[in-house]
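Colleague: I'd like to learn how to read a model like this one. Can we go through it feature by feature?

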Amino acid sequence: MTNRGAGVGQRKTSPRIRARRIRAVQYAVLVVAFIAAALLADWPQIGRTFFDPGLIRDTVAHGLWLALWNTLVYTAGGFVLGLVAGTLLAMMRLSEVGPYRWLATIYIEFFRGLPALVVFMAFSLLPLAFPGLAMPLPPYGTVWAALGIVGSAYMAETIRAGIQAVPKGQIEAARSLGMSAGQAMWKITLPQAFRIMIPPLTNELIMLIKDSSLVFIVGLSAANFDLTKFGRAAANSNVNITPLVVAGLGYLVITLPLSIIVRRMEAAASKGR
Amino acid sequence: MTQTDPLVEIRGLNKYFGSNHVLRDIDFSVARGEVVCVIGPSGSGKSTLLRCVNLLETPQSGTVKVNEQELTDPDCDIDAARRQIGMVFQQFNLFPHHSALDNCTLALTTVLKKKRDEAERIARENLERVGLAEKVDAYPARLSGGQQQRVAIARALSMDPALMLFDEPTSALDPELVGEVLTVMRRLADEGMTMIVVTHEIAFAREVADRVVFMDGGGIVEQGKPSTLLSEPREPRTRDFLKRVLEPVAD
């Protein structure tokens, strides 16, 4: 007893007070850094190169919305293809048939490890390897296929983990009611698995949105420019980076509402459980 | 009756998990309308035996016949055969993304291809049968364990099975919720349902079962009328087990 009392007496500050002091120091450092940056920066220069008001107006008025739409279309097609192929790959990985498992594993490891840039380059050169080959709906066919291939490799692993997170008892209950393996997968496992997968799949969708900036490799006409290509072209012709900054903010116009929608979906899904 | 008209007939059943021999040459049959309770220590193989009846576990050898149909025959349509065998699990295994009603209608519409309104009528009827008429729209997460298990029973009954399997249906329940589930099961037995019940509820077995089977070490050690087996067991292993179950605090 006396020992313990002495121990408490020796410790000058309680852990809670110490934590509060450490946090105060962190805030102070942050504020100082902000002030230093604000003082050292050349604001007029920043305004001219990054946020030229005339160029902002110009960029928004001439082609930003079309580029935004194109980015959306490229991503949506890639995501849908990736989701379908990813689901198929996930089921192959979980299959009892060895060759299916191996094929899926090889595919996933290969395309997950390869930079998306390389996949796009390979795809734009595909007609060289197969003379006469033409992807449908140019340029969408090529873009969707390339994004779908990259996306499916990531999504397959997410979907596999989601399927495996559904308790085995669910499948047993379904099978004991006379459902076939396919019916149990479709009606019982997948609906529950997709609920588990909403957050990681959102991540992959956002990654695809950004990967869609690689479409420039395919070679596009101005009407098919995505946000990044559009911003870069405008930045080059104006010798000013403002259009690219505007185009970059265009991505946030897509991703921020997406995050909010997904958060709502998650809340709704968790209510049912 | 047992000899002339068995609903379930199991012959020479062997089941291994790896090198673990869980069921050893089991012969076992159940007559139509009979209620059989299977008791025994954990690891005795009683749940595995039950899961072999609807082939949730595939035995390595032996035959399982239910309602004149051999389930272990490779040509048997196992999905069709399982429709007539209802199963109730220890962990309920309700579908969490469906309401109580839809838990019951799902197999009716997808497996039996019934019209939506007919499926709902059947489902409501069976939810009423287990005393949950007012909970049809509730999701499993909003139900107590006892209510969930009763929905699971209604779900199995909705398929109009010839046989009901119960795998420790009250083992995951809080003690005060056990009674409502056992009451439903007792009523089912009184209505003449053929039932195989793996359970630790000795009182239930004594009162409801036509026959009690004691399993240990992957085999059937002895079986008989509950009054005889539970009061004057022949085998020392049965006596031992009953003593431990009925007087858990002693020694």
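Colleague: Over residues 68-262 of chain A, what percentage is helix and what percentage is strand?

Modeller: Helices (H or I, at least four residues) and strands (E, at least two) are DSSP runs, numbered from the N terminus. Here residues 68-262 of chain A come out at 79% helix and 0% strand, with the end C-alpha atoms 20 Å apart. Before we go on: this is a predicted model, where local features need pLDDT of at least 70, side-chain atom pairs count only at pLDDT 80 or more, and totals for chains, interfaces and linings use all residues. Residues are numbered from 1 along each chain as its sequence is written, chains are lettered from A and ligands numbered from 1 in the order in which they are written, and side-chain values use heavy atoms, with hydrogens and water left out.

Colleague: What does UniProt list for residues 68-262 of chain A?

Modeller: UniProt positions are given in the numbering used here, feature names are shortened, and annotations may be inferred rather than shown by experiment. The unreviewed entry gives "domain: ABC transmembrane type-1" for that span. It also has "transmembrane region" annotations on chain A, including residues 24-46 and 243-262. In the model, residues 24-46 of chain A are 91% helix, with end C-alpha atoms 31 Å apart, and residues 243-262 of chain A are 100% helix, with ends 29 Å apart.

Colleague: Which residues of chain B does the "domain: ABC transporter" annotation cover?

Modeller: In UniProt's unreviewed entry, residues 8-242. That span of chain B is 37% helix and 26% strand, and its end C-alpha atoms lie 27 Å apart.

Colleague: How many salt bridges does the rule find across the interface of chain B and chain A?

Modeller: The rule wants a side-chain nitrogen of Lys or Arg within 4 Å of a carboxyl oxygen of Asp or Glu. It finds 2 across this interface. One pairing is Arg51(B) with Glu172(A), whose closest N and O atoms are 2.6 Å apart.

Colleague: How far apart are the closest N and O atoms of Glu157(A) and Arg160(A)?

Modeller: They are 3.2 Å apart, in a salt bridge. Glu157(A) and Arg160(A) are separated by about one helical turn because they sit 3 residues apart in helix α8 (residues 140-165) of chain A. Over all chains, the structure holds 22 salt bridges.
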